[in-house]
Structure formats: C-alpha cells, structure tokens
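Subject: Structure handover

Hello,

Here is the structure I promised to pass on. My notes follow below it.

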Amino acid sequence: MTDNSNPSRKAAPTSGPALEEARLRQQAIGVKLRHMFDEVVNEPVPDEFLDILRRADGRSGEGGS
C-alpha cells in the first residue's frame, strides 16, 4: 500500500525532457542494481557458512518426519 498524501513528494513528469530524464535515471539505477546483484551472486560462499549448512542438513535428515 502506498501513501500518496506526502506533500513533499514531487509528482512524476508526464511528458517532455523531464520524462526522458526520469526514464534515463531509472534505467541507470536498474543497471547499477543488476550489476550489484550479479556481484553478490557470484561471491564465493564462506567455508564456515557451508559447514553450518551441512550440519543443518544432517540434523534435518535425522529428524525423520
């Protein structure tokens, strides 16, 4: 749910150069976010975390539900 009652928030441009600038800005933000996401996804998982996951898997297998 969004709150549209905030008077300090500017209305989105509806046409012209302001709209084009807003689209370009939004596109640039999207490109940077995708780049950051790709970097995070491609980071190696620390060995300590892998050990924790292995132990958790072992315990869930012992539960026998």
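The chain has two helices and zero strands. Helices are DSSP runs of H or I with at least four residues, strands are E runs of at least two, and both are numbered from the N terminus. This is a predicted model: local features need pLDDT of at least 70, side-chain atom pairs count only at pLDDT 80 or more, and totals for chains, interfaces and linings use all residues. Residues are numbered from 1 along each chain as its sequence is written, and side-chain values use heavy atoms, with hydrogens and water left out.

Burial and surface. Of the 65 residues, 3% count as buried. Buried means under 20% relative accessible area, exposed means over 50%, and partly exposed lies in between (1.4 Å probe, protein chains only). The chain exposes about 6500 Å². Carbon and sulfur atoms supply 56% of that area. Areas come from the Shrake-Rupley method with a 1.4 Å probe; for residues, only the protein chains shown count as cover.

Nonpolar patch. Val45, Phe49, Ile52 and Leu53 make a nonpolar surface patch of about 350 Å². Patch residues have over 30% relative accessible area and no salt bridge; nonpolar side chains (Val, Leu, Ile, Met, Phe, Trp, Tyr) are joined within 5 Å, like charges within 9 Å. Phe49 lies in helix H2, residues 47–63. Phe49 is partly exposed, at 43% relative accessibility.

Salt bridges. The count is two. The rule asks for a side-chain nitrogen of Lys or Arg within 4 Å of a carboxyl oxygen of Asp or Glu.

- Glu21 pairs with Arg25, with the closest N and O atoms 2.5 Å apart. The two residues are four apart in helix H1 (residues 16–41), so about one helical turn separates them. Glu21 is partly exposed at 43%; Arg25 is exposed at 51%.
- Asp51 pairs with Arg54 at 3.0 Å, N to O. Both lie in helix H2, three residues apart, about one turn of the helix. Asp51 is partly exposed at 37%; Arg54 is exposed at 53%.

Best regards
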